[in-house]
Amino acid sequence: MVGVGSLFLLWGLVTPCWGLLETVGTLARLDKDELGKAIQNSLIGGPILQNVLGTVTSVNQGLLGSGGLLGGGGLLSYGGVFGVVEELSGLKIEELTLPKVSLKLLPGFGVQLTLHTKVGLHGSGVLGGLLQLAAEVNVSSRVALGMSPRGTPILVLKRCSTLLGHISLLSGLLPTPLLGVVEQTLFKVLPGVLCPVVDSVLAVVNELLGSVLSLVPLGALGSVEFTLATLPLISNQYIELDINPIVKSVAGDIIDFPKPRLPVKVPPKDDHTSQVTVPLYLFSTVFGLLQSHGVLDIDITTELVPSHVPMTTLDLVALVPEALGKWPSDQHLLLSLRVKELPTVTLQKKKATITIPASIRVLASAPPGTPETLFELNTVMTMNAQLTPAASKLHITLSLERLSAKLASPAHMFDASRLQEWLSTLVRVAYVPKLNVDLDVGIPLPKILNVNFATSALEIIENAVVLTVAS
């Protein structure tokens, strides 16, 4: 059998509760398998185990050496009960089996981590031949969860010990009394050799946990900084992180968009999956940034539309002749679309929609004169939003569902609804493509260990989007 170690990670004293999420933060539920994979990956291919190889467990300066248990004056030194051990040279660790990692979450307490490993030792026997030993080792450590000065979870090793299992003599000659001495020596030496492995593993995992606190750039719009709102909570299957998104300008100033306290009924998490719940607030924030920077505005000219799309006063006469008055019927049109209010994002019933209120001024230009306003409309555009998960963000692709229009001023008296089909065509061919380019910033996602949500299943629920990925 291989060795067994228990590592207790004190994550918190409260278990996650089911029901409503009433904050505006991002809720991440990290499956225990992901934590196990992070620990296992820290041991694979890295220097952690390599650093242990070659470690001298019993040489002249060691417990079996001149100043140690078998050294001059020691209990079993030359002249003592087993003088023959002077011929036993120091043992070195030549092989450390990749520990098998398994863990169990303890609700309201922490994590019990089990490491299974075997240590291979080489040295010289009492008759000068090669001595090869294999020892099974149980490493038991206690690790407390604290908060770093940066506000991220941090695991701190508090206590570590080893329990020596069966020792096998693979080659060489080792008298039975000396085998007992070797057992005692390894029992005392191995904690100093293997406990640093636990420290090294925790350093790697802490670095991954620290990535939760990250600054996600949004191009010229600013950035979103993710911070941990509370201590992690723990259930028997996952660790729950309440992550607070803070919106900042390019200069680093905090932008305080309205935070609607819309409750979210978070669905249960299946076993062996990790889950991130993205709140409505993040969607509203991105569109708020776009609107406040004027990115949602556009001037639609003949250069932006295909030739078959009507864009002259002659075309407009056929729709609303009373709107042109004495204007010539062969002038090019210009549409000035301005979004002066925050768009409204709706997430419900497996559907995401963006409602954009905009004023549209229809102008006619007669070179070389300045374009003149023919009339102004108040419009409401309802966009369907297709959401696609990527590794670090949610992509958004918009399409126009419907458009409504009414006159902004009573100075013109005609039925604005006759323009809705024409305006819808212009919005689809000129405005929506621009929006989709601007929306390449996406909805940022926090970094949760090495979880990649590019292949996650996406579900739109009331006031949130839930991403689920198999561990």
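Start by selecting Gln40, which sits in helix 1, residues 32-43. Helices here are DSSP runs of H or I with at least four residues, strands are runs of E with at least two, and both are numbered from the N terminus. The model is predicted, so local features need pLDDT of at least 70 and side-chain atom pairs count only at pLDDT 80 or more, while totals for chains, interfaces and linings use all residues. Residues are numbered from 1 along each chain as its sequence is written, and side-chain values use heavy atoms, with hydrogens and water left out.

Is Gln40 buried or exposed? Gln40 counts as buried because its relative accessibility is 18%; buried means under 20% relative accessible area, exposed over 50%, and partly exposed in between, with a 1.4 Å probe and protein chains only. Now show what surrounds Gln40. Not counting residues up to four places away in sequence, Gln40 touches Leu98, Pro99, Lys100 and Val101, where contact means heavy atoms within 4.5 Å.

**The whole chain**

Zoom out and colour by secondary structure. The protein chain has six helices and 23 strands. Of its 471 residues, 51% count as buried. Among contacts with a separation of 6 or more, 69% are between residues 24 or more positions apart.

**The largest cavity**

Next, select Leu43, Leu96, Pro99, Leu115, Thr117, Val139, Leu194, Val197 and Val198, which line the largest cavity. A cavity is a set of points, on a 1 Å grid over the protein atoms alone, where a 1.4 Å probe fits but cannot get out; lining residues have an atom within 4 Å of a point. Two elements give two or more residues to this lining: strand 6 (110-124) and helix 3 (176-210). Helix 3 gives the most, with three residues.

The volume of the largest cavity is about 80 Å³, a volume being the space filled by probe spheres set on the points, with grid points joined across faces, edges and corners. The count of cavities of 30 Å³ or more is three.

Which classes make up the lining of the largest cavity? There are eight nonpolar residues, one polar and no charged. Ala, Val, Leu, Ile, Met, Phe, Trp, Tyr, Cys and Pro count as nonpolar, Asp, Glu, Lys and Arg as charged, and the others, Gly among them, as polar.

Stay on strand 6 and pick Gly123, which has its place there. Gly123 is buried, with a relative accessible area of 12%. Draw a C-alpha to C-alpha distance from Gly123 to Ile93: the two are 9.1 Å apart in space and 30 residues apart in sequence.

**The nonpolar cores**

Now select Phe283, Leu316, Met381, Met383 and Tyr431. Of the 127 residues in the largest nonpolar core, these five touch the most other members. A nonpolar core is a set of buried Ala, Val, Leu, Ile, Met, Phe, Trp, Tyr and Cys residues joined through side-chain atoms within 4.5 Å. Helix 3 supplies the largest share of this core, 14 residues. In soluble globular proteins, nonpolar side chains tend to be buried together.

Centre on Phe283. Its contacts, leaving aside neighbours within four places in sequence, are Val278, Val345, Leu347, Leu387, Leu394, Ile396, Ile443 and Val465. Another core lies apart from the largest one and has six residues, including Val264, Val266, Ala464 and Val466.

Then move to Thr285 in helix 4, residues 280-292. Thr285 is buried, at 1% relative accessibility.

**An aromatic pair**

The count of aromatic pairs is one. Select Phe375 and Phe414: their ring centres are 5.2 Å apart and their planes are at 75°, so the pair is edge-to-face. Rings of Phe, Tyr and Trp (its six-membered ring) pair if their centres lie within 6.5 Å; planes under 30 degrees apart count as stacked, over 60 as edge-to-face and the rest as tilted. Phe375 is in strand 19 (residues 372-389), and Phe414 is in the loop between strand 20 (393-407) and helix 6 (420-438), so the pair links parts of the chain 39 residues apart. Phe375 is buried at 1% relative accessible area, and Phe414 is buried at 11%.

**Two loop residues**

Finish with the backbone. Most residues other than glycine have a negative phi. Lys349 has a positive phi, near 50°, and lies in the loop between strand 17 (344-348) and strand 18 (351-365). Lys349 counts as exposed, at 73% relative accessibility.

Asn463 also has a positive phi, near 70°. Look for Asn463 in the loop between strand 22 (457-461) and strand 23 (464-470). Asn463 is buried, with a relative accessible area of 13%.

Notes: 1 Å grid on protein atoms, 1.4 Å probe; cavity = no way out; pocket = protein on both sides within 12 Å on 5 of 7 lines; lining within 4 Å.
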